[in-house]
Amino acid sequence: KVSIFWFRRDLRLEDNHGLFKALGEGEHVLPLFIFDKNILDKLEDKTDARVEFIYDQISKIHGELGKKGSSLLIKYGDPESIYKELLQEYDIQAVYTNRDYEPYAKSRDEKVARLLNKQDIELHQYKDQLIFEPGEILNGSGEFYKVFTPFSKVWLSKLNPSMLEAFKPMHWKNLLQMEEFPLPTLKEIGFEKSDISIPSKTADEEIIAHYNETRDFPAKNGTSRLGIHLRFGTISIRQLASKAKELNATYLNELIWREFYMMILAFNPEVVDKAFKPAYDQIPWRNNEEEFAAWCEGKTGYPIVDAGMRELNATGYMHNRVRMVVASFLTKHLLIDWRWGEAYFAEKLLDFELASNNGGWQWAAGTGTDAQPYFRVFNPSSQQEKFDKNWKYIKKWIPEINSDKYPKPIVDHKFARQRAIDTYKSALNQ
Ligand code: FAD
């Protein structure tokens with residue numbers, strides 16, 4: 001009999017809750033990873049750097065398990081169908097995994113659990129990617145919080161040091177000993193190498209320690225760039241949150257935002273394509289395609305917006321301050337549906353996280369929880385003045401900024417601001 005440990009968005013061997021349990025409770029643990037066809041088929045760009053990143057992590061894990069006399073079974077396809085095959089090939093005692101809160105993941109896991117349960121096999125799921133998972137932080141009436149600040153207060157008050165301890169030691173002796181399984185090539189799963197590079201997974205303590213002073217300035221190397229590692233679990237949230245607790249409260253607060261948005265998505269899966277505040281679905285977006293293309297390409301004539309979009313296109317990253325500015329500009333200045341911007345970010349961001357991206361977009365559009373009120377419209381020029389006073393960030397991304405090759409503003413700020421306020425106001429008064 002074997003127990004399977006199924007890796008998903010927890011691509012590390014150390015301090016991995018589900019793997020710790022599998023190794024602690026069962027013998028003959030067979031580690032598994034599935035390249036999920038349902039997800040990969042939707043990616044149009046076959047040089048998507050995130051797939052290469054996952055592939056590289058999987059190769060590393062495969063190699064490390066090989067050194068331990070074991071291996072990683074790597075499959076490609078639809079997870080439910082793969083489990084049907086595995087049930088034929090192996091005598092499975094139990095399947096262990098870490099919980100995932102996204103709508104697609106939940107339905108995938110329900111299907112797999114149902115299939116396994118028919119044969120009296122249990123799918124054991126553990127909390128691994130969050131300190132507090134959806135449902136653990138509720139208000140006095142047992143409901144989820146719609147506003148961040150009280151959520152974060154309760155989060156902090158419930159935190160105790162044992163929650164940040166790593167899961168160890170890992171009982172490696174319980175890995176199934178076997179010949180190595182083959183490692184497919186990236187090409188075999190339908191992808192190619194990308195030329196975008198991935199930020200390091202080492203949490204820079206200097207950056208975290210000074211985070212509250214540096215995080216708002218896009219020209220500085222003042223944020224941790226750990227988003228992609230949190231997304232795919234190549235670092236442990238327990239390890240990072242304990243560093244944050246020791247070094248910088250503002251940084252810890254950002255990790256709480258991450259948990260807040262995951263909680264919002266888990267309780268309100270409909271936000272994926274609807275405004276959190278239903279009245280806001282009445283806004284008559286202009287959705288001008290040419291203007292959208294200018295925004296995507298970084299050619300709006302608003303330097304801070306354009307620099308941000310060019311940074312995103314070139315690197316798969318955009319600084320948080322600038323994400324707020326470009327999202328506000330798209331939804332308010334251009335009155336383009338936040339879902340268009342959200343989808344563009346989803347395609348481009350290395351650190352794309354459904355919950356945070358949706359939360360960030362709905363915040364900027366004013367449609368979400370705890371949102372920016374609609375009558376507050378970011379002024380791109382004053383944002384630039386405050387956060388990139390010396391034009392360092394702008395010049396880096398727009399070398400032609402002072403030449404006549406740089407486009408004129410796509411829309412006048414004052415006019416656009418008033419148009420946004422009027423449009424929102426009349427839509428909401430209906
Ligand atoms: P740091 O500033 O070093 O923060 C550390 C970590 O905290 C981040 O990696 C992230 O996991 C978390 N975090 C920080 N800020 C937030 C926040 N506001 N909400 C949720 N988590 C946060 N973040 C994503 O992880 N994925 C997304 O797809 C995403 N899309 C966004 C879209 C918009 C429109 C906006 C305004 C914000 C979005 N964010 C998203 C939040 C934030 O911009 C990024 O987490 C951050 O810029 C990533 O850079 P970093 O890793 O250097 O973060």
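**Close-up views of a predicted model**

Figure 1. The shell around the ligand takes at least three residues from domain 2 (129-166 + 204-267) and at least three from domain 3 (278-429). The model is predicted. In total, 26 residues surround the ligand, and T223, S224, N320, N357 and G360 are the closest. Helices α9 (227-232), α11 (249-267), α14 (320-333) and α16 (354-365) are the elements that give two or more residues to this shell. By class, the shell around the ligand holds 12 nonpolar, seven polar and seven charged residues.

**Figure 2. Domain 2 against domain 3.** The domain assignment divides the protein chain into domain 1 (1-127), domain 2 (129-166 + 204-267) and domain 3 (278-429). Between the C-alpha centres of domain 2 and domain 3 the distance is 25 Å. Their contact involves 17 residues from domain 2 and 19 residues from domain 3. On the side of domain 2 that touches domain 3, α9 and α11 are the elements that give two or more residues. The most come from α11, which gives five residues to that side. The side of domain 2 that touches domain 3 is made up of 10 nonpolar, two polar and five charged residues.

Figure 3. In soluble globular proteins, nonpolar side chains tend to be buried together. The largest nonpolar core in this model has 63 residues, and within this core L265 and V326 touch the most other members. Helix α11 is the element that gives the most to this core, with nine residues. Domain 2 (129-166 + 204-267) and domain 3 (278-429) each supply at least three residues to this core. Not counting residues up to four places away in sequence, V326 touches V305, G308 and M309. Another core, of 39 residues, lies apart from the largest one; I4, F20, F191 and L350 are among its members.

**Figure 4. Packing of helices α10 and α11.** Two packed helices are described by the angle between their axes and the distance between the axes. For α10 (residues 237-247) and α11, the angle is about 145° and the axes are 6 Å apart. Helix α10 contributes L240, A241, A244, K245 and L247 to the contact, while α11 contributes Y251, L252 and L255. The contact of α10 with α11 counts seven nonpolar residues, no polar residues and one charged residue.

**Figure 5. I235 in the loop between α9 and α10.** I235 sits in the loop that links α9 to α10. The residue counts as buried because 21 C-beta neighbours lie inside 10 Å, and the cut-off for buried is 20 or more. Leaving aside neighbours within four places in sequence, the contacts of I235 are K201, L226, H229, L230 and L240. N320 is one of the closest residues to the ligand.

Figure 6. Most residues other than glycine have a negative phi, and most peptide bonds are trans. The peptide bond joining K168 and P169 is cis, with omega about -5°. P169 lies in the loop between α6 (148-158) and α7 (205-209). R225 is not a glycine, yet has a positive phi of about 55°. The place of R225 is the loop between α8 (211-214) and α9. R225 has 18 other C-beta atoms within 10 Å and is therefore partly exposed. N287, also not a glycine, has a positive phi of about 45°. N287 is found in the loop between α11 and α12 (289-297). With 13 C-beta neighbours inside 10 Å, N287 is likewise partly exposed.

**Figure 7. S107 on helix α5.** S107 belongs to helix α5 (residues 103-117). This residue counts as exposed because 11 C-beta neighbours lie inside 10 Å, where the cut-off for exposed is 12 or fewer. S107 and K274 are 167 residues apart along the chain, and their C-alpha atoms are separated by 19 Å.

Methods. Residues are numbered from 1 along each chain as its sequence is written. This is a predicted model: local features need pLDDT of at least 70, side-chain atom pairs count only at pLDDT 80 or more; totals for chains, interfaces and linings use all residues. A residue is near a molecule or strand if its C-beta atom, placed from the backbone, lies within 6 Å of it. Helices (H or I, at least four residues) and strands (E, at least two) are DSSP runs, numbered from the N terminus. Ala, Val, Leu, Ile, Met, Phe, Trp, Tyr, Cys and Pro count as nonpolar, Asp, Glu, Lys and Arg as charged, and the others, Gly among them, as polar. Domain bounds come from an automatic or database domain assignment. Axes are lines fitted to C-alpha atoms, for helices over the stretch in contact, and angles run from 0 to 180 degrees between N-to-C directions. Two residues are in contact if their C-beta atoms, placed from the backbone, lie within 7 Å. A nonpolar core is a set of buried Ala, Val, Leu, Ile, Met, Phe, Trp, Tyr and Cys residues joined through C-beta atoms within 7 Å.
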